[in-house]
Amino acid sequence: MTLIKIAGLGRYLPSRIVPNAEVEALCGLPAGWIEQRTGVKERRWAAAETHAHMAAAAAREAVANAGLSLADIDLIINASGTQEQSIPDGGPLLQAELGLAESGVPCFSVHATCLSFLMALDVAASLLAAGRYRHILIASAEIASVGLNFAEPESASLLGDAAAAVVVTRTPPGEPSALHARHFETYSRGAHLAEVRGGGSRHHPNHPNTTPADNLFHMHGPQLLKLTHRYSQNFLEKLRPGLSRSLGEIDWVVPHQASMLGLRLMSHFGWPFERVLVTLDRLGNSVAASIPVTLYQAVQEGRITRGSQVLLVGTGAGLSLGGVIVTY
C-alpha cells in the first residue's frame, strides 16, 4: 500500500456537442445505427481549443479543488494518448499555458495511449513515496476528432474530445486515501489492432509514400475485444486475487470507456453493472481522459466520496491492460 491521495480533480469539455445524426451523415449510416451498435448518444469535439488549453483549464480546477495554488505544484506530467505536436512533448506546452514558463517546474509526458493516465498515476505514486515531490499535477487532454476515419464507423462513432486533471499528494496523517494495488501488462501481438501509422519516422508526413489514411485512426474492435478477454482473467487475479470473480471490497469501478460491449463484458467477472460507472453515452471514448473524466463526474455526483474504494481499469493500444485500486 502506498499512502497517496488524489487531492484535487478538474475537467474540461469542449462546448461543441456532436449528436449521432451528424456522425451518421459523415459515415453514411442509417439513423439510430450508432446508439444501437455502440451505446453512444453524443460526444464533444474540439473547435478552436488546443491540447494545452484544454489541459490547463482542467488543471486549474484540479489545483483549486486541492486547496492549492499553481506555485505549489512541483512536477507536471502530461498523460495523453494524442498530442498537440511531436516536439516538445505536451508537458512544457501545458506549463506555458498555465503561466509557469519561468517556474522551472519539471515536466514530462507518459504516453501509453488510453492507459496514459493510469501509467502516470503509477509513476506519480512512486515519486511521491520516494519523497522526490510533494504535489504532482497529472493532466490528460485528448483531441481525437482530428484523426477520425469515417470509412471505419465503429471507431469514428466512438471517439470524443475531453480533458481531465488530478493533483496527487502524499496522504496526510489520519486520512484514509491510499493506493492499494497496481498492475500493468502488454501483449504486443495486438500492436497493430489500434494504430495511427503516420506521424513518425516510418510514415513521415513529408515522405512521398505516406498517404492521408496513414494519419487516421484504424481499429479492429472485435479482434481487440477478443484479445482483451483472453488475458483479462489472469490480469485481474494479479492485480488482486479474486477480482476476476467478484469486486469484493471495491465500491466502484471507473473503467476506460472503450465501448459499451466492452463495459458490459465486466459482468462476466461477477461485477454488478450498477457499480460500473459509465460516461460513454454522453462523452464517447475520450482516450486517456476517459478514466479521470469519469472519476470526476462520479465525485461531482456524490457517488464516489472520501473513503470509497475504487478500481480504475482499462486497456490501451499495444495491447496493454492496466489497473489501479485506490481509496479515494
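The entries below cover the cavity search, the ring pairs and the charges over rings.

I noted that the model is predicted. I searched the whole structure and found one cavity of 30 Å³ or more. The volume of the largest cavity is about 30 Å³. I listed its lining as I4, K5, I6, V168, A178, L179, V326 and T327. Two or more residues each come from β1 (4–12), β8 (178–186) and β13 (320–327). The largest share is that of β1, with three residues. Sorted by class, I have six nonpolar, one polar and one charged residues in this lining.

I counted three aromatic pairs. W45 is in the loop between β3 (42–44) and α3 (51–65), F150 in the loop between β6 (135–142) and α6 (153–156), so the pair ties together parts 105 residues apart in sequence. W45 is buried at 7% relative accessibility, and F150 is partly exposed at 28%.

I then took Y187 and Y231, whose ring centres are 3.6 Å apart with planes at 5°, so I put the pair down as stacked. Y187 belongs to the loop between β8 and β9 (194–195) and Y231 to helix α7 (residues 221–239), so parts 44 residues apart in sequence are tied together. I have Y187 as partly exposed at 24% relative accessibility and Y231 as buried at 13%.

I found the charged end of R264 over the ring of F273, 4.3 Å from its centre. I also found R306 over the face of Y328, at 3.8 Å from the ring centre.

Notes:
Residues numbered from 1 in each chain as written. Predicted model: local features only at pLDDT ≥ 70, side-chain atom pairs only at ≥ 80, totals over all residues. Heavy atoms only, no water. 1 Å grid on protein atoms, 1.4 Å probe; cavity = no way out; pocket = protein on both sides within 12 Å on 5 of 7 lines; lining within 4 Å. Points joined across faces, edges and corners; volume = space filled by probe spheres on them. Helix = DSSP H or I, 4+ residues; strand = E, 2+ residues; numbered from the N terminus. Nonpolar A, V, L, I, M, F, W, Y, C, P; charged D, E, K, R; others polar. Phe/Tyr/Trp six-rings, centres within 6.5 Å; stacked < 30°, edge-to-face > 60°. Buried < 20%, exposed > 50% of the residue type's maximum accessible area, 1.4 Å probe, protein only. Lys NZ or Arg CZ within 6 Å of the ring centre and 35° of its normal.
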